[in-house]
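Here is a set of questions and answers to work through with the model open beside the text.

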Amino acid sequence: MRPTYVLDGKQIRTLEEFRRAIGEVINGPGGCFGRNLDAFADCLSGGFGAPDDDGCVVEWRDHQVSREHLGYPETARQLEIRLSRCHRTNHPSVSADLAAARDERGSTVFDWLVKSFNDRAPGVLRLQ
């Protein structure tokens, strides 16, 4: 039987809270499971910070609460942060994504996270 790690969707309102929550459920208090979306995807693929066991399940309870909080306002906030830090050659694409998020179009932070699970660790995520 694969170990199950449970995320409490009621406690996840920002991307930073998701990172903290996933890190702690998998690696204990203060644990890390990726400091950015690329590192998170690497961990899902079995990189540094991944569980030592042969596969696991991440059960995201009350994911609808998280989905609401990780919607367009949080997406716009994250893209504003990204725009302030990215290389100037990436400004046009990040600015376009930011404009879309402000217009409530395109993928959200919640979508980014689910896609990372599905792309890097198919079958691991269970939305409850």
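Q: Is Glu80 buried, partly exposed or exposed?
A: The model is a predicted one, and the classes rest on relative accessible area, with buried meaning under 20% and exposed over 50%. Because the relative accessible area of Glu80 is 37%, this residue counts as partly exposed.

Q: Which residue is linked with Glu74 and Arg77 in a network of salt bridges?
A: Arg77 forms a salt bridge with Glu74, the closest N and O atoms being 2.8 Å apart, and because the two are three residues apart in helix α4, about one helical turn separates them. Glu74 counts as buried at 5% relative accessibility, whereas Arg77 is partly exposed at 30%. The network that holds this pair also includes Glu16.

Q: Which element gives the largest share of the lining of the largest pocket?
A: The largest pocket has a volume of about 410 Å³, and its lining divides into four nonpolar, two polar and six charged residues. Among the residues that line this pocket are Glu16, Arg19, Gln78, Ile81 and Trp112. The elements that give two or more residues to the lining are α1, α2 and α4, and the largest share, four residues, comes from α4.

Q: How many residues does the largest nonpolar core have?
A: Those with the most contacts inside this core are Leu7, Phe18, Ile22, Phe40, Trp60, Leu113 and Phe117. Leaving aside neighbours within four places in sequence, Leu7 is in contact with several residues, including Phe18, Ile22, Val58 and Trp60. The core's largest share, six residues, comes from α6, and the core as a whole has 32 residues.

Q: Is His63 buried or exposed?
A: His63 lies in helix α3, which covers residues 63–69. Not counting residues up to four places away in sequence, His63 touches Phe110, Leu127 and Gln128. Because its relative accessibility is 10%, and the cut-off for this class is under 20%, His63 counts as buried.

Conventions. Residues numbered from 1 in each chain as written. Predicted model: local features only at pLDDT ≥ 70, side-chain atom pairs only at ≥ 80, totals over all residues. Heavy atoms only, no water. Core = buried A, V, L, I, M, F, W, Y, C linked by side-chain atoms within 4.5 Å. Buried < 20%, exposed > 50% of the residue type's maximum accessible area, 1.4 Å probe, protein only. Contact = heavy atoms within 4.5 Å. 1 Å grid on protein atoms, 1.4 Å probe; cavity = no way out; pocket = protein on both sides within 12 Å on 5 of 7 lines; lining within 4 Å. Points joined across faces, edges and corners; volume = space filled by probe spheres on them. Nonpolar A, V, L, I, M, F, W, Y, C, P; charged D, E, K, R; others polar. Salt bridge = Lys/Arg side-chain N within 4 Å of Asp/Glu carboxyl O.
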